Amino acid sequence: MGDKGRITPLAQYVIDVIRLRRLELGISGKLLSKRISPFGGDSIVGGIERESTSLKYTTATLKKALKELGLSMDDILPNKLLSDDTLQDKTKIPILKGMSVRAALNSLLEEGYFNEPRLRREITEYYNSFFQPEDYKEDNYFSAQLEDLYNAGKLVKLEPDATNKLIRFQRNPEYDPNA
């Protein structure tokens with residue numbers, strides 16, 4: 001992995017809130033980029049979210065993103081003062097605190113997690129690895145959301161084999177999560 005970009009805690013917070021909302025709505029970074037880019041580009045959001053850049057939302061792109069995602073400034077500002085304004089390493093955590101199962105699965109699709117077949121149990125364990133035990137989810141929280149992604153053509157179900165009688169989920173090869 002290359003060098004990390006450096007941004008302020010507030011810029012990181014805003015990026016995370018917008019990414020969370022985008023994933024909640026099932027909007028790809030590429031689609032949001034097309035809607036907010038002053039030049040009609042399709043990679044501005046990817047650049048902003050990428051850890052290796054110091055890019056962040058400008059006033060103009062932030063206003064457009066808020067409008068597209070149905071957010072207000074109050075929605076993206078932290079409830080309490082952040083520690084300081086010094087630069088920090090930029091992060092992109094696949095599953096953020098407060099992220100719904102739907103948003104988490106969309107994030108994992110974008111990050112390539114489903115490029116390999118996954119059992120529902122594995123998905124649950126991976127999701128829970130980002131949280132404390134009191135915030136863990138049970139397998140049944142994922143069933144309906146996985147079924148929705150399957151019905152939307154984003155995931156395929158792999159038939160159980162003789163050794164493992166459970167269905168595995170994998171990204172549909174025809175689906176581009178970044179389109």
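I started with helix α1, which has 16 residues and reaches 22 Å from first C-alpha to last, close to the 22 Å expected at 1.5 Å a residue. The expected span is 1.5 Å times one less than the number of residues. Helices here are DSSP runs of H or I with at least four residues, strands are E runs of at least two, and both are numbered from the N terminus.

Ground rules for these notes: this is a predicted model, where local features need pLDDT of at least 70, side-chain atom pairs count only at pLDDT 80 or more, and totals for chains, interfaces and linings use all residues. Residues are numbered from 1 along each chain as its sequence is written, and side-chain values use heavy atoms, with hydrogens and water left out.

The buried residues of α1 include Val14, Ile15, Asp16, Val17 and Ile18. Just after α1, Gly26 has a positive phi of about 75°.

Next I checked α1 (residues 9-24) against α6 (residues 101-111): their axes come within 8 Å and cross at roughly 100°. That makes the pair roughly perpendicular. Angles of 65 to 115 degrees get that label, with under 35 roughly parallel, over 145 roughly antiparallel and the rest oblique. Axes are lines fitted to C-alpha atoms, for helices over the stretch in contact, and angles run from 0 to 180 degrees between N-to-C directions.

I then listed who meets whom (contact is heavy atoms within 4.5 Å). From α1, Arg19, Leu20, Arg22, Leu23 and Glu24 meet Arg102, Ala103, Asn106, Ser107, Glu110 and Glu111 of α6.

On to α4 (residues 59-69), where Thr61, Leu62, Ala65, Leu66 and Leu69 are buried. Down the axis of α4 these fall within an arc of 135°, so they line one face of the helix. The arc is taken over directions from the helix axis to the C-beta atoms. I found Thr59, Lys63 and Lys67 exposed on the other side of α4. The buried residues of α4 pack against α1, α2 (29-36), α3 (44-49) and α5 (73-76). Gly70 follows α4 with a positive phi near 70°.

I ran the face check on α7 (residues 120-128) too, whose buried residues are Ile123, Thr124, Tyr127 and Asn128. Their arc is 130°, so they line one face of α7.

Last, I looked at Gln88 in strand β2 (residues 88-89). Gln88 is partly exposed at 26% relative accessible area. Gln88 and Arg6 sit 82 residues apart in sequence but 5.2 Å apart C-alpha to C-alpha.

Terms used:
Buried means under 20% relative accessible area, exposed over 50%, partly exposed in between (1.4 Å probe, protein chains only).
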